[in-house]
Amino acid sequence: MKFVFSPIQSEHYPAHFLSSGATKPNPETPERADILLEAGRASGFKITEPVNYGLAPAAAIHTPEYLKFLQGIYDRWRQIEGASEEVIPNVHPNGRPHGIAMGYPASAVGQAGYHMADTACPISETTWRSVMASMNTAVHATRQLEDGARAAYALCRPPGHHAFADMAGGFCYLNNSAIAAQELRQDHERVVILDVDLHHGNGTQGIFYRRDDVLTISIHADPEHFYPFYWGYASERGEGAGIGYNLNFPLDRGSGDQPFLAALDSACTQIDAFAPSALVVALGLDAHESDPFAGLAVTTEGFGEIGKVIGRLALPSVIVQEGGYANPALGSNLVSFLEGFSA
Ligand SMILES: [Zn+2]
């Protein structure tokens, strides 16, 4: 299996985020990618660096307004007297996008509120370069399938599945899994995105919510008491042409391997019925029992089983790294999944 990683991703080093209102160190650090990279290397994977694909793959998913914002906001922000070192929103247009018509402000502060769902996606001087490198990593892995590989792994950082078409959130800026799926659509009529991250893939759901060509499935901790709170309920099934093409499997907090694998079995039955010809796995490793987010209790062996079940779908697959935070098992969890997948 090809293992794609760009070291430019490590330049993005967010300092803080707010958790229950308190300023905490941001857990989405370069070290988590270092751990995953070293684990991959130690297991014999050869690391490939991506080339630059330019803006086109991102523009196929994200709005031009949002891409312009991401590229330019840091410099504009720094011109505001007394502004914070990192771009962090302090106004939030609640109700968007389901509210009444709204204006699009010229103000950097106004736009930050418009394009950032929460405080967990600060933008610094290096963020855009790393975000593009993360997207290039996903696109490069996808191109490996076009060259005949059965599967490729993209060690993407920052992650992507909380990013909507025009909104960052939850450590995510560009939705790498969605971009990979859209790339695959060039050669595949029906593509499935299977998200096994601890958190619901709300951005991915939002991007494909009215489409029937990309089936989106997410298995995650119940949003009743867990981020992203407003999305991830089983009742969210798609809209218009997309009805029935979005499936959510919320699990009780603390669920371990058995409930997770049972949900995965149901997901696979639905995938079979959709008859896709390609798969994107949004691979979060934060459902692990030792992850600092402490939402679910999947074991390292459990990730191997999850990999095995997904591998048995026998679809050309791009595995895109999403969450998974510093803990002693992080590297083993990746290897366990990848080995299970390839078994
Ligand atoms: Zn997550």
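**View 1. Asp197 and the zinc site in the predicted model**. Asp197 has a relative accessibility of 1% and therefore counts as buried, the cut-off being under 20%. Along the chain their spacing reads D-x1-H-x86-D. Asp197 sits in the loop between β6 (191–195) and α7 (202–208), while Asp286 sits in the loop between β9 (278–283) and α9 (300–311). The pair thus links distant parts of the chain, 89 residues apart. Asp286 is buried as well, because its relative accessible area is 0%.

**View 2. Surroundings of His161**. His161 belongs to the loop between β5 (151–154) and α6. With a relative accessible area of 2%, His161 is buried.

**View 3. Helix α6 and its cover**. Helix α6 spans residues 176–184 and is mostly covered, with 8 of its 9 residues buried. The buried residues are Asn176, Ser177, Ala178, Ile179, Ala180, Ala181, Glu183 and Leu184.

**View 4. Phe69 of helix α3, with helix α4**. Phe69 lies in helix α3, residues 64–78. Its relative accessibility is 1%, so Phe69 counts as buried. Not counting residues up to four places away in sequence, Phe69 touches Tyr104, Gln111, Ala112, His115, Met116 and Ile123. From Phe69 to Ala108 the C-alpha to C-alpha separation is 8.7 Å, across 39 residues of sequence. Helix α4 (residues 108–115) is largely enclosed by the rest of the structure, because 7 of its 8 residues are buried. Those buried in α4 are Ala108, Gly110, Gln111, Ala112, Gly113, Tyr114 and His115. Helix α3 is included in what covers them.

**View 5. Packing of helix α1 against helix α10**. Two packed helices are described by the angle between their axes and the distance between the axes. For α1 (residues 30–42) and α10 (residues 330–342), the angle is about 50° and the axes are 8 Å apart. That angle makes α1 oblique to α10. The crossing of the two helices is right-handed. On the α1 side the contact is formed by Arg32, Ile35, Leu36 and Ala39, and on the α10 side by Leu330, Gly331, Leu334 and Val335. By class, the residues of this contact comprise 6 nonpolar, 1 polar and 1 charged.

**View 6. Packing of helix α8 against helix α9**. The axes of α8 (residues 257–274) and α9 come within 10 Å and cross at roughly 10°. Helix α8 is therefore roughly parallel to α9, a description that applies to angles under 35 degrees. Asp257, Phe260, Leu261, Leu264, Asp265 and Cys268 make the contact from α8. From α9, the contact involves Gly302, Glu305, Ile306, Val309 and Ile310. The residues of this contact divide into 7 nonpolar, 1 polar and 3 charged.

Key. Residues numbered from 1 in each chain as written. Predicted model: local features only at pLDDT ≥ 70, side-chain atom pairs only at ≥ 80, totals over all residues. Heavy atoms only, no water. Axes fitted to C-alpha atoms, helices over the stretch in contact; angles between N-to-C directions. Helix = DSSP H or I, 4+ residues; strand = E, 2+ residues; numbered from the N terminus. Parallel < 35°, antiparallel > 145°, perpendicular 65-115°, else oblique. Left-handed = near helix turned anticlockwise from the far one by under 90°. Contact = heavy atoms within 4.5 Å. Nonpolar A, V, L, I, M, F, W, Y, C, P; charged D, E, K, R; others polar. Donors = N, O, S within 2.8 Å, 3.2 Å for Na, K, Ca; no water. Buried < 20%, exposed > 50% of the residue type's maximum accessible area, 1.4 Å probe, protein only.
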